[in-house]
Structures are given as C-alpha cells and as structure tokens.
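Dear colleague,

Please find below the structure that I am handing over to you.

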Amino acid sequence: MTAAARPSKPAVVGEAAPPSPKAGAERAPPVLKFEQVGFSYDGRAIMRDVSFSVGPGEILALLGPSGCGKTTILNMVAGFLRPTEGVAVVDGREIVGPGPDRGVVFQAAALFDWMTVAENIAFSLRCAGAGKARRREVAEEMAALVGLSGFEDAFPYQLSGGMRQRVGLARVLAAGPKVMLMDEPFSALDVQTRETLQEEVLRIRDRTGCTILFVTHSIDEAAFLGDRIFLLNDLQSGAYDVYDVALPAPRPNPENRLHPSFLRLRETIYRRMRH
Ligand SMILES: Nc1ncnc2c1ncn2[C@@H]1O[C@H](COP(=O)(O)OP(=O)(O)OP(=O)(O)O)[C@@H](O)[C@H]1O
C-alpha cells in the first residue's frame, strides 16, 4: 500500500505515486477525465478545480463525508448534470448527456417487480429491439457473471436484498457499458453481503475490463475495492487527496482485508478524515 496524499490541494492522479497494480492502465489513454471542473447549484458553488483521470479497467473510489459532492461528480460523468466550469470527458469526447457507454448502479436496484430476473437483466436489449433468444442468452451470461445462475426465472420479490443488487448490476452490465458508475450500491446491505459483493465487483472488473467509479462513505470499502481513492476533503475550496491502493493480486481476495497495506491505508485515511 502506498498513500500518495497531497494535503488540501488539487492532485493530479498518478503523479509521483508508486506503481500500483493498474499502473499500466494509467499509462493508457484515460477513459474518463475531469479537467478543472467546477459545479454550482443555482449559483451556489459546491466544487471547483477538480481534475482527475481514470484509466481503462481501473476502479476509482470516491470517498468523502455526506454532502461533499460525490454524487454530483457521478452525475456529471453520467451526463445528468453539466459542469459549470471546466470539462468532463469520456473516451476523448466531452460529456454532453447520458450515453450507452456509461451505466449507473444506484443504491436501490429499482427492479421491475412484474418481470423475471432474466427480463430485468435484458431490459436494455429489449429496448434496443433484440430478439427473445438473444435476450435470454445475454441474461444467462450476465446472471452467471454476477453469481445468479439458476435464478433467471425468479421474480424480484423472491430475492434477498443482495440478490436484487446483483440483478441491478447485471442489468447495467448487459448494456455493455465502458464505464460503470456505482453510487453507494451496497450501503443498505448487511456487512457480510456487502463484502461478498465488493469481491464480486473486483471479479467483474477483471472479467469485463470495465472502468468503475465507485462512490462510498466507507473507508474499508474504498480501500478494498479501489485501485485509487479520491478523498474529497473540501471541494468548495478545491481540496482533495489521491491515494494509491497497492494490494496483492488476485484482488478479489477476502484476505486482503487483513493485509498490512490495507490496514495502514485505512489508518492513514481515517486520520486524514478526522483531521
Ligand atoms: N439538486 C440540488 N440542488 C441544490 N443543491 C444540491 C442539489 N443536490 C445536491 N446539492 C448540494 O450539493 C452538495 C453536494 O451534494 P452531493 O449529493 O453531491 O454530495 P454527496 O457527497 O454525494 O452526499 P451524500 O454522501 O450524502 O450522498 C451538498 O451541499 C448538497 O446539499
């Protein structure tokens, strides 16, 4: 583990940070880039001068206290909000609205209760006009990817909270996004389910190569899941830190929660947040 903290000033991601497992990804052209982004709600500035980039297949955890601007950043990447200053870029193009290259997983899965798991998962394909056989094929593939094989014909009311979130994840993955935006997707779940799903996200990233922006309040979640952590201290004054997570591969390993690097990084961030 290495913390590349830059106290209370804007940081350039990757700069002066020791190699991380995704160092190669950082050298590749970024999938996602913020350049001196600022945002105001009705004239009230809530962030300024935010710059970062995320490489292909990288997981960037956005960590910070309530109200610091995590969801606003996510919404700008999703294209639901436009920066009031600077520019947000995905795949080299300025983000001007939502697009199929970005998928959002919300805190509550918001499934269609009258549809089966397979129909929920393949919903975007149905909207795109895909035939029944193709929809079933993708639904089965995605169900397997999120560990739901055998539940394709179940209805949402027959599933646990964790399973519903898996369906939500599979539904987003079925649309084949390049970037997955996850807004505290596991915060309503019990600790064990949450930890299992964190491991699942790492596995999904390894299998799909998806780039992930993961919003969380939890230091543990950020340190276990992220390749880097973007700690939002005070975005109104443009203050944030970036930490490299250097945990051993394979990353989806529960033992990493006991790794000295994990414990040190957790302590560093905890102290920083308290300070
Ligand atoms: N639609 C809105 N209109 C006006 N102000 C807003 C709106 N949405 C968010 N804000 C304000 O912007 C700031 C950042 O909000 P945001 O939801 O991005 O924070 P957050 O870090 O995601 O918080 P939380 O962890 O509680 O979800 C807060 O001060 C919030 O009150």
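The notes below cover the domains, a pair of helices and the ligand.

This is a predicted model, in which local features need pLDDT of at least 70 and side-chain atom pairs count only at pLDDT 80 or more, while totals for chains, interfaces and linings use all residues. Residues are numbered from 1 along each chain as its sequence is written.

The protein chain is divided into domain 1 (1-101 + 181-275) and domain 2 (108-176); these bounds come from an automatic or database domain assignment. Eleven residues from domain 1 and nine residues from domain 2 make the contact (C-beta atoms, placed from the backbone, within 7 Å).

Helices here are DSSP runs (H or I, at least four residues), numbered from the N terminus. Helix H6 (residues 161-174) and helix H7 (residues 191-208) pack at an angle of about 20 degrees, their axes 11 Å apart. Axes are lines fitted to C-alpha atoms over the stretch in contact, and angles run from 0 to 180 degrees between N-to-C directions. H6 and H7 are therefore roughly parallel to each other (an angle under 35 degrees). H6 contributes Gly161, Gly162, Gln165 and Leu173 to the contact, and H7 contributes Thr193, Leu197, Ile204 and Thr208.

Residues surrounding the ligand (C-beta atom, placed from the backbone, within 6 Å) include Tyr41, Ile46, Cys68, Lys70 and His217. Helix H2 (residues 70-78) gives the largest share of this shell, three residues.

Yours sincerely

Notes
Helix = DSSP H or I, 4+ residues; strand = E, 2+ residues; numbered from the N terminus. Parallel < 35°, antiparallel > 145°, perpendicular 65-115°, else oblique. Contact = placed C-beta atoms within 7 Å.
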